[in-house]
Structures are given as structure tokens and as C-alpha cells.
Amino acid sequence: MRQLLDQHNRIASYLRIGVTDRCNLRCRYCMPAEGIDFSDRKELLSYEEIIRLAHIFRELGVDKVRLTGGEPFVRKGIEHLLQALANIFPKVNITTNATLLQNHFDLLERINISGLNISIDSLHRERFLMITRRDNYERVMENILACLSRGLPVKLNVVTMQGVNDMEILDFVDFAIRHRVEVRFIEAMPFNQDDGNKTVFLSARDILNRIQAVHPSIQKLVPKNASSSDTYLIENQYKIGIIPAYTRSLCASCNRIRLTPKGEFLTCLYSKTGTDLRALLRDPSLDDEAIAAAILNSVAHKLKSGFEEEAKRGEEVFSSMTSIGG
Ligand code: SAM
Ligand code: SF4
């Protein structure tokens, strides 16, 4: 099997696949309330195209994939894709807002899902509604508890914002302890000048300080593999993650690559443009080897850090994480 080696000696082995840019929530840090220009169905990679690419990526050494979006479970027939990916990769993960999970527990067990990251930014119905602009708190919490009682491998993602939900950091830590579930606090990434994420930004360091003030014995774990999160142990047993999505202190060990819903291949969350794999897939004169060559070439040129990518991007901004596959 080949490997996806970049010019800074990192090996990309973890592919994040954005399966749709659509979502049934409208989280303030992620999407505007309305007026979103969603992609046309024809613009998205079909499941057959994603599966063809999956075989190519597997042959290039990728052993872990994560479905993300938008909300993966709003795309029709996603069970078919999950099952197919589980037959190709040793590790299949998914990131979801959990609003539709009640229809999929059996499937997740059957494919032996290796990670189920669920986003929930508040433990209070009113604040959940204020952040997501949808009144789904009860359904989401019910589904989280159902996943936990079934023993599914859940982690909770909390985008942590000053003045919005930072007053719940310690409540989430208590939730992590009470339910023995890893909670990961994520820095809010600004996408453009107007999304408000800069004004509510709370750094990974500040999040840690808040937890440390109440749990002074918190210890940092030495990472076993490349990770996007710093992981800590509270009372020697409860895991808490902090994701420096904006301060980007973990680029040196990055093993992640991304496929957007429209089939653009990005080597960094902060990339401006990538390789248009959809065009290559739809060119009948190109075989799998030609596509593999394009992927190898793209990874080989991966820049050292998200800061270098951002500098290259200049003034250009993203509209939302959902177009990249967050
Ligand atoms: N809809 C699914 C969900 O919310 O879990 C999957 C897609 S969502 C884009 C993936 C992750 O990106 C979620 O954990 C979400 O909270 C996070 N996210 C979205 N916008 C973000 C931003 N501006 N800064 C930091 N994290 C963000
Ligand atoms: Fe939807 Fe996830 Fe974005 Fe929230 S963070 S709007 S749930 S894609």
C-alpha cells in the first residue's frame, strides 16, 4: 500500500468527507439564518463517485474516514454510503448534530462505527435554541443519552464562545464526569468579518484556565497519534478535549485531508482551493491511477501550517464550515 507523504514528512491517513452542505439547524457560528446558497444536487459528488474515491484513498494508505457536512443525516440514502465505507476502511466516524440519530442507531451498531462526534453547544433548551436557531434540544439530548446507553463511541463537541455559552464550560465538565463521555471544547473559527465569531472568540488556553481553576489536578495526556485535540484527564479518569481550531497549535502532526461535498480535495481546513476531483472523476479518459497521482501531488505540496494556508488565501473568505466539511 502506498502512503500520502507531504513535504514536511507528515503522512495523511485520515480523510474527512463532507457529504452535503445542507443542514436542518442554523448554528450562529456556522451559517447565517437565511439566504444560504446551497449546492444543487448535481453539483455534489454522487455516492458512487465517493465510493470510487474511497477505494483510491484506501489504496493510498487512508485508514480512517469521517462523514461530516452540513448535517450528514439530511442526505438521503446515507446508510448506503456508511455501509459501503465500513467495508473499505478500518475506521469510519461521523460528526452529527444528532437531531436525526433516532433513525440510525441499529445501522451505527451494525457497521461498528468507530467514533460518533455529536455537536451540542448548550445544556439548556433556551440557549440551544438561541445558538442553533432551532428548538431541537430535547431530541438531541434524548439521542445522546440513547447512544450512551447503547455503548456507542460518543464524544461531544462544544463550540465555546465568550458571552454565549462559556458560562456552561464547567457544567459540560460535570456532564462528562457524570456520563463518562469525552467532551471537547472547540475554539470558534471566524470565517469572515461579519460572522461575529471574532467578537465571541475564547482561546484554547482560556478554556483550559477556566477548567483548571476548579479542577487543579487536570493533566495533559501525551497524544498516541496525530490529533486535532489536546486531551486532558480530570481526576485521573475523565477525558476532556480542547481543540485549538483557530490558534492552530497542532498543525505539525496533522494527518487530515478533506473532500468537500462538491468534490474539491483540500489538504487543510484553511486551504483556499484544492484539487477538483469531481472534474477528474467525470473525465472518462482518466483512470483511478491518474486520480491517485493528482491526490499524491496535492498532498506532497501541503503547506506547513494553517497560518501559511491562510496567508496564501489572502482576503478570500469562506461562507461557512459546511462548504468545507467541518
Ligand atoms: N452538522 C454536523 C455537526 O454540527 O456536528 C457536522 C458538520 S459541523 C460543520 C462539524 C463541526 O464543525 C461541528 O462540531 C461544529 O460545531 C463545528 N463548527 C462549525 N462551524 C464552526 C466554527 N466557525 N468554528 C469552530 N467550529 C465550527
Ligand atoms: Fe448544521 Fe453542524 Fe453547521 Fe450547526 S454546525 S449549522 S448543525 S452543519
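A residue counts as buried when its relative accessible area is under 20%. Keep that cut-off in mind for this predicted model, since Phe265, at 0% relative accessibility, is buried by it. Phe57 also sits at 0% relative accessibility, so Phe57 is buried too.

Those two rings pair up. Their centres are 5.5 Å apart and their planes meet at 50 degrees, so the pair is tilted. Phe57 belongs to helix α1 (residues 47–59) and Phe265 to strand β13 (residues 264–266), so the pair ties together parts 208 residues apart in sequence. Another aromatic pair, Phe128 with Tyr137, is edge-to-face, at 5.8 Å centre to centre and 65 degrees between the planes. Phe128 has 3% relative accessibility, so it is buried, and Tyr137 is buried with 13%. The count of aromatic pairs comes to 4.

Now for the ligand. Ligand 1 is surrounded by 20 residues, and the closest are Tyr29, Gly70, Ser119, Met189 and Phe191. By class, that shell has 8 nonpolar, 10 polar and 2 charged residues. Here are some side-chain polar contacts:

| Residue | Ligand 1 atom | Distance |
|---|---|---|
| Glu71 | nitrogen | 3.2 Å |
| Ser119 | oxygen | 2.5 Å |
| Asn157 | oxygen | 3.2 Å |

Taken alone, ligand 1 exposes 540 Å², and the protein buries 95% of that. Strands β5 (91–96), β7 (154–160) and β8 (182–187) are the elements giving two or more residues to the shell.

How values were computed:
Residues are numbered from 1 along each chain as its sequence is written. Chains are lettered from A and ligands numbered from 1 in the order in which they are written. This is a predicted model: local features need pLDDT of at least 70, side-chain atom pairs count only at pLDDT 80 or more; totals for chains, interfaces and linings use all residues. Side-chain values use heavy atoms; hydrogens and water are left out. A residue is near a molecule or strand if one of its heavy atoms lies within 4 Å of it. A polar contact is a pair of N or O atoms within 3.5 Å; within protein, one must be able to donate a hydrogen and the other to accept it, and residues adjacent in sequence count only if both atoms are side-chain atoms. Accessible areas come from the Shrake-Rupley method with a 1.4 Å probe; for residues, only the protein chains shown count as cover. Helices (H or I, at least four residues) and strands (E, at least two) are DSSP runs, numbered from the N terminus. Ala, Val, Leu, Ile, Met, Phe, Trp, Tyr, Cys and Pro count as nonpolar, Asp, Glu, Lys and Arg as charged, and the others, Gly among them, as polar. Rings of Phe, Tyr and Trp (its six-membered ring) pair if their centres lie within 6.5 Å; planes under 30 degrees apart count as stacked, over 60 as edge-to-face and the rest as tilted. Buried means under 20% relative accessible area, exposed over 50%, partly exposed in between (1.4 Å probe, protein chains only).
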